[in-house]
Amino acid sequence: MDVIAAIATGAARSAIGILRLSGDGCADVAGKVLRMANGRPLSDAPERMLCLAKLIDRRGRVIDEILAVHSRGPNTYTGEDTVELQCHGAPAVLAAGLDALFAAGARQAGPGEFTKRAFLNGRMDLSQAEAVVDLIDAETADAAANAAGQVGGALVRKIDPIYDAMTDICSHFHAVLDYPDEDIPPFQLAAFSDTLRGASRDLWALHASFSRGQYLRRGVQAVILGRPNAGKSSLLNALAGFERVIVTEIPGTTRDTVEQAVNLGGVLLRLTDTAGIRESGDAIEAMGVERSLAAAREAELALFVCDGSEALTPEDRQAIEAAKAAPVAFGIINKSDLPQCLSPADLPFDEVFVVSARDGAGLDELGSAVAAHFSTGAQADGSILTNARQAGAVERAARAIDDAIRAMDSGMTPDAVLLDVEAAMEALGEITGRSVREEITGRIFERFCVGK
């Protein structure tokens, strides 16, 4: 394959920036833009040894003093010879260095092309390649741990034994059919009943992890509801750890929904602060209230917030009804630092928390409750499905095996049963890349950033 090059680090200024190359002859290409401190070509450098060099731009000027490392395939990320140039992280230096590499014979890498080459060269299967994106995008420790587990092959270790068992069934049947004169044990479909039923159980259990995997990957859609001045915006600021929303004593300060990603109890919440729910003659505020109610209808978690220093009002009760429509809803009595008029028994929620957005009291208990409902906990080891494409393939495989079991139980011939078994194998092969179509592979790697 030709030599590809890209900036492997972000576009922002940083201490270190990396230019990455891959492909046969990449050390020779890189050598054209380097002036090695030891005077020897980079292609002669020892395996994986950092070498001091000066980086030369297209006009022959020294633009940086760097460290270069040459790794030889097949034991590299891509399975090919690779070079990494560790520069200072000035965007201008990286851009000029990349331009010089193009002039020396490299071409711009496409999105995800390094990882795509790793897949095509057998360095990882498709599930591992997709997990690389999840690891880059991880916003919580659990999400990172699960993605890292899948990069390490946790998912394929669940899929491969099932695929191999189905292969054994099909190969035994075809061996008996194609070589009747050989000393092969007769094919008895009933002997594989336990194998098929076990595969069905394992696949449905894996598929069941997808609902929590969605929370792990994209976060939980959450909404804060309450009447004006109940402390909703103060609560969002306290959970976010900075002043995300303007807070004043004037009712109706928040007139639109405000979104902020918050890590609460180890769970990523896509938290939406809403306009206070009340009747208003102000057209703009009324639109904000309608958006608040719409956000509540779409939420997976609703946090009803009221002012514990005041009695409940009709506006509070309207917000309570909106919150209770969510699959999970908590009551939050705010302003515990003030004399209290309310107790948890006054709110119609199974779980009620007394907190102070001002000093943070009670927020740890709220975080523990969120974790109890949405956290994957110790299971975040790569065994949780987070990818919709993979979940769809697992579901199709499980349904095909269930069809095979029903066909077997109804007395159908082995060849008819094995059509469903082969359909399950086809679906499982899409997860690892054994049977995936080229256009699907292309779409997968389009999700990657350039340089990965």
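Is Phe349 buried or exposed? I found Phe349 buried, with a relative accessible area of 9%; buried means under 20% relative accessible area, exposed over 50% and partly exposed in between (1.4 Å probe, protein chains only).

I note that the model is predicted, so that local features need pLDDT of at least 70 and side-chain atom pairs count only at pLDDT 80 or more, while totals for chains, interfaces and linings use all residues. Residues are numbered from 1 along each chain as its sequence is written, and side-chain values use heavy atoms, with hydrogens and water left out.

Rings of Phe, Tyr and Trp (its six-membered ring) pair if their centres lie within 6.5 Å; planes under 30 degrees apart count as stacked, over 60 as edge-to-face and the rest as tilted.

I looked up Tyr215 and Phe374, an edge-to-face pair with 5.0 Å centre to centre and 90° between the planes. Tyr215 belongs to helix α8 (residues 210-218) and Phe374 to helix α12 (residues 363-374), so this pair ties together parts 159 residues apart in sequence. Helices (H or I, at least four residues) and strands (E, at least two) are DSSP runs, numbered from the N terminus. Phe374 is buried, at a relative accessible area of 4%.

I then examined Phe304 and Phe349, whose ring centres are 5.9 Å apart with planes at 20°, so the pair is stacked. Phe304 lies in strand β11 (residues 301-307) and Phe349 in the loop between β12 (328-334) and β13 (352-354), so parts 45 residues apart in sequence are tied together. Phe304 is buried, at 0% relative accessibility.
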